Amino acid sequence: MPGIKDRVAVVGMGCTKFGELWDKSDQDLMVESCHEALADAGIDLKEIQAAWLGIQGAETGCSGCRLARALKTDYIPITRVENYCATGIEAFRGGAYAVAAGIYDIVLACGAEKLKDTGATGLTQMGGEPQFGSWVWAPVVAPARFALAATRYFHVYGLTPEEGKRMLAMIAVKNHHNGSLNPRAHFQREITIEQAMNAPMIAWPLGLYDCCGVSDGSAAAIITRPDIARRIKDDYIVVKALGISAGAGTQGVMADDYDFIHIDEIVKSGRMAYEEAGITDPRKEVDIAEVHDCFTITEVLISEDLGFTPRGKYKEDIEAGTFNLGGEVAINADGGLKCFGHPIGASGLRMLFESYLQLRGQAGPRQLKNPRIGVAQNYGGQPGGGISGMAIVGARD
Amino acid sequence: MAGITSYGAYVPLWRLSRDAIMKGLRGEKAIRYFDEDSTTMAVAAALDCLKGQDRDAIDGLFYATTTAPYKEKQIATTIAAAADLRQDIITADFSNSLRAGTAALRAALDAVKAGSAKQVLVVASDCRMGAPGTDFEQNGGDGAAAVLVGDSAIAVNVEESHAISRELHDIWRSEGDTYIRAWEDRFAYTTGYRDTVAEAVTSLLQKTNLTPGDFAKIILAPPNPKIMGDLSKKLGIDPKIQVQDTLFDVMGNTGTAFPLMLLVATLEEAKAGDRLLLTSYGNGADVFMLTVTDQIDKIRDRAGIKGNLEKKRIVDDYRTYLQWRELLVFEAQPTPPGGHISATALWRDRSQIFPLHGLKCKSCNSVHFPPQRVCPKCRSKDQFDEVRLSDKKGKIFTFTADYICSRKEAPRVTAVIDFEGGGRMVTIMTDRVLDEIAVEMPVEMSFRKLVTQDGFHNYFWKSMPLRSQSYTKGGDK
C-alpha cells in the first residue's frame, strides 16, 4: 500500500469570509471560494477535470449539480459528499485519492454551507435517521452531546465546576484572540476569562463562549500531482497523510465501559494519519493543528486523543501557553470553529486553508515561525459513533 | 372466588399550593408534571401494583379514565405494553363516567369469577381540568390507582355489591370541552351525588343485613369536601371516625381514580378481618362490601398512596401550573422537543419503547440499549436475550442541562445512566431539581410523554431521582 504521502499537492486555495452572510446563498459562496482558489493557482476553470462538493445542510437530496450550476462547469464529473461535520475533509479526500490514483491531473474540492436561512439560532434537525436510538425518542442535541463529556472530564480529573469552566474559558479566550487576528473569521473580538465564565448557559457546563459559531461560508482547494504543481507555482504544499474513521458506537453511549473523555474514532484517525505521514511524536513534529473545536471541551479531548498533550494534562498545557500562537503546537491558529465559524461542509477545507497559508508564510499577524507540518482534524456526530477526518500537510521539500 | 390480590397507586410528585390559585385557600392538590398525562400515571400505578407479581400470569387489563388522550385508540394496550404484559390478554377501556373505575373493577371480578381470566389488572387514572376560578379547579387533583383481581392469594374479598344506573345531568364534558361543566351545584350534589350514593348504600345494607356500624371504614369519594357531612348524616355515620380520609387537603378529587385511590389508602391501614364499604358515583353508583384477609400483610411494600404522598415538591406559582396544563402555550419551540412521530418506527422499535427492553448478549453477557443486531462489545450477531430495563435502578454516569430547549422544560437534563446489572442509556431526566443532580446519583425509570404532534402522542421512559427509596424494604444504597 503506497499511501498518499507526497503523492498529491495543493496549488490553490480560496476561503470566503465566514459569518451570518444574509445577502449570500451557498452558491454565491461556492463561486467566491472556487474563483479565489483558481486565481490563486493561476489556472482556468476549464483545467479542472473533476470536482468534489462537500455540503451537509438541512437539505438532503442535494447533488454535485449544485456546484456545477454555481460555477457553470462544462459537464465534468462532480461528486457530492456528506459525512456529518467532517464533510469538508471528506470532499478533499475524494479529490486527493482520485489524483493519486492517476485518474485525473487537476481536480477541485469545495466545501460550502448556508446555515443561516433556517431562522434557528443553532442547528436545526438534520433529515434522515437519527444518529443514535430510535426515531421515536429523543436524539441528543449537539451541545448536550459534548457537555456530557465535560461533566465527566471534570469528575474524573477532580476539577471543581469553577476550575473546569476556567480551563474551558481559556480555550475560548485563546481562540478569540486568534480570531481577532483573522479578517475572514466570523468573530473578530477578544474576550476575557470572566466574560466566558459568566456567559449565559447553553448546556451545562458549556456556556455561550464554549460553543462555536453557526456560520455561512465556503472554502476550496485545487489538488494536483507534485510534478504538475511544480509547473504551476513554487510554493505549493503536499499532502502527507489522510485518515478517516467511522465510529461504530462500540466505544460510545451504548457501551457501559466507555469513559466519555476520549473519542475512539479521533484516536484511530490520528493513528492512521500519523503512521502514513511517519510522525511518531506529534507534539514535537506538528507545528500547527486546526482541530474541530465545535465546543471548547472537544478541543480538550481532541488534543489528548491526537497526542498533543498527555491524558488529563490539557489544563496544565493551556495554562503554560503550549497551544498559543508561538507555543509548542499552535492549536486553532485561525480562531478555530469557535471564532472562524462552522459552516459545516466548509470547515474541513477552512482548516486546510490555514495550514496552506502558514506553511507558505502568508498568515499575516498569525504567522508562525517556519512551520513545516500542519494537521487538519474534522469531526462530526455522536462521540463514539461519529466521523473523524484527518489531513496532514507539509511544506514542499 | 374472586378478590383483590394486590394494589398500587400513583400521585404525581408535584403539588400546587391552593394559595397559588387564590390567596388564602388551604392545602395543596396533586398536579401532573408537564410530561405526564392520565396514561403515564396509569402506567406508574400499574407498575406499583405489579411489584413482586408474575407479569406473565396476568390475563387481562381493564383501564378506566375520562381523560384519555385519544377518542379512538385503546389506552389499555399502551399500559399493558409498558407494563410488559403478555399479548394474548383481554384489554378494554372504560370511560365517560367517574364510575368507570369501579365498573372496570366489577368487570374484572366477573371475568375472574366466570373463569375467562385468572388475573386481571384494573387501572384507573385521571387528570381532569376545572376552569380557572371554579370549585372544580380547587378540589380536583391528578392521580391513578391499580388493583389486581385474582382467584388465589386474595387480600380483599368482595362479598357483595350493588349498582344503580341513574340518567341525570349533573356534570359533563362534551366533544372539545377543556373544562368540566356542571348544573347548579345544589342539584348536582344533593339529588345527584348524595341521594344516589345513599340509596345504593341502603340497598347494599338491606342485601347484607348489616348496619353502617358494622364497617371498619366507609370509603366515600365525594366531588368536594363540603358534601361529606351531609351524606354522612344521611347514612348515620360519624365522618371523623368511620369515613376514610378523602385527602382533599393533600391531593384532591382524582376523578375516575378517586374511589380506588381511597381504597388503596384504606388498605394501607387495614387489618385482617376489617369489613370495608367502597362507594363510587357517576351517572349512578357502585357500592361494594369488602373484607380484608391476612394476605394483606404480604403486599405492603407498595408506594401506594402513603409513599407517593410523602415525597413531594410544592409548586407555588400559578403560571407554572398553567404551562404544564398547556393552558399557557408558548410559540414554536427553538429546538424540537425530542423524538419524531412515526407509527412505523414506533411499531418496529416497540420492544425498546414500551417495556424498555435492552439486549443481553449470549456470548459475552453484556447488556446494551438500544437493541443492536451486532453486539457492541463482542460483535457476535443476533445472539441475544431481551432484558427489561424499566424496573432496574441505575446511577448517573454523566449529565448535562440544556437551556435552549422548550421553555416549558428548560433546562432539559440529559443523563447517561448505568443500570444495575449492566447496560447504559442516554435519558432525559424528569421530576428533578437541577441543583441536586450529581454524577453517581441513583435513579429509576418513569414512563412519560415526549411529544404530541397532530394528535399523535409519543411516550418513552425517562430517568428520575429515586422516589421509591423511602418505602422500599431494606432501602437503597
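Let's begin in chain B, where strand S8 (residues 156-165) and strand S13 (residues 284-292) run antiparallel and are joined by 9 bridges. One pair to look for is Glu160(B), which stands opposite Met289(B) of S13(B). Please keep in mind as you explore that this is a predicted model.

S13(B) has another partner as well: S12(B) pairs with S13(B) in the antiparallel sense, over 7 bridges. Here Met289(B) turns up again, this time as the bridge partner of Leu277(B). Met289(B) is therefore a handy landmark, because it faces Glu160(B) in S8(B) and Leu277(B) in S12(B), and strands of a sheet pair through backbone hydrogen bonds.

## How S13(B) is covered

How many residues of S13(B) are buried? The count is 9 of 9, so S13(B) is largely enclosed by the rest of the structure. In a regular strand the side chains alternate between the two faces of the sheet. In S13(B), Gly284(B), Asp286(B), Phe288(B), Leu290(B) and Val292(B) point one way. Ala285(B), Val287(B), Met289(B) and Thr291(B) point the other way, and these residues, too, are buried.

S12(B) and S13(B) form a hairpin, with 2 residues between the strands. Asn283(B) sits in this turn, in the loop between strand S12 (275-281) and strand S13 (284-292) of chain B. Its phi is near 50°, a positive value in a residue other than glycine. That is worth a second look, because most residues other than glycine have a negative phi, and most peptide bonds are trans. With a relative accessible area of 28%, Asn283(B) is partly exposed.

Asp84(B) is another residue that has a positive phi without being a glycine, with a value of about 60°. You will find Asp84(B) in the loop between helix H3 (76-82) and strand S5 (90-94) of chain B. Is Asp84(B) buried or exposed? At 15% relative accessibility, Asp84(B) counts as buried.

Chain B also holds a cis peptide bond, which joins Phe369(B) and Pro370(B) with omega at about -5°. Pro370(B) belongs to the loop between strand S16 (367-368) and strand S17 (384-388) of chain B.

## The sheet of chain A

Now over to chain A, where 10 strands form an open sheet with mixed pairing. Reading across, the order is S3-S2-S4-S7-S1-S8-S12-S11-S9-S10. Which strands are at the edges? They are strand S3 (78-81) and strand S10 (330-331) of chain A, each of which pairs on one side only. Helix H1 (residues 26-41) of chain A packs on this sheet and touches strand S1 (9-15), strand S2 (50-54), strand S4 (106-113) and strand S7 (217-224). The direction of H1(A) makes about 140° with that of S1(A).

Within the sheet, strand S12 (residues 385-395) of chain A is mostly covered, with 10 of its 11 residues buried. On one side, strand S8 (residues 237-246) of chain A runs antiparallel to S12(A) and is joined to it by 9 bridges. Strand S11 (residues 373-382) of chain A also pairs with S12(A) in the antiparallel sense, over 10 bridges. Ile387(A) of S12(A) is the bridge partner of Ala246(A), and Gly380(A) stands opposite Ile387(A) too. Further along S12(A), Ile392(A) has Val375(A) opposite. The hairpin of S11(A) and S12(A) has 2 residues between the strands, and Gly384(A) takes a positive phi near 95° there.

Two packed helices are described by the angle between their axes and the distance between the axes. Helix H4 (residues 142-156) and helix H10 (residues 296-305) of chain A pack at an angle of about 70°, with their axes 9 Å apart. That makes H4(A) roughly perpendicular to H10(A), and H4(A) passes H10(A) in a left-handed crossing. On the H4(A) side, the contact is made by Phe146(A), Ala149(A), Ala150(A) and Tyr153(A). H10(A) contributes Ile297(A), Thr298(A), Val300(A), Leu301(A) and Glu304(A). By class, this contact has 7 nonpolar, 1 polar and 1 charged residues.

Finally, Trp204(A) and Pro205(A) are joined by a cis peptide bond with omega of about 0°. Pro205(A) lies in the loop between strand S5 (201-204) and strand S6 (206-207) of chain A.

Key: Residues are numbered from 1 along each chain as its sequence is written. Chains are lettered from A and ligands numbered from 1 in the order in which they are written. This is a predicted model: local features need pLDDT of at least 70, side-chain atom pairs count only at pLDDT 80 or more; totals for chains, interfaces and linings use all residues. Side-chain values use heavy atoms; hydrogens and water are left out. Axes are lines fitted to C-alpha atoms, for helices over the stretch in contact, and angles run from 0 to 180 degrees between N-to-C directions. Helices (H or I, at least four residues) and strands (E, at least two) are DSSP runs, numbered from the N terminus. Angles under 35 degrees count as roughly parallel, over 145 as roughly antiparallel, 65 to 115 as roughly perpendicular and the rest as oblique. A crossing is left-handed if the near helix is turned anticlockwise from the far one by less than a right angle, and right-handed if clockwise. Contact means heavy atoms within 4.5 Å. Ala, Val, Leu, Ile, Met, Phe, Trp, Tyr, Cys and Pro count as nonpolar, Asp, Glu, Lys and Arg as charged, and the others, Gly among them, as polar. Buried means under 20% relative accessible area, exposed over 50%, partly exposed in between (1.4 Å probe, protein chains only). Two strands pair if DSSP finds at least two bridges between them.
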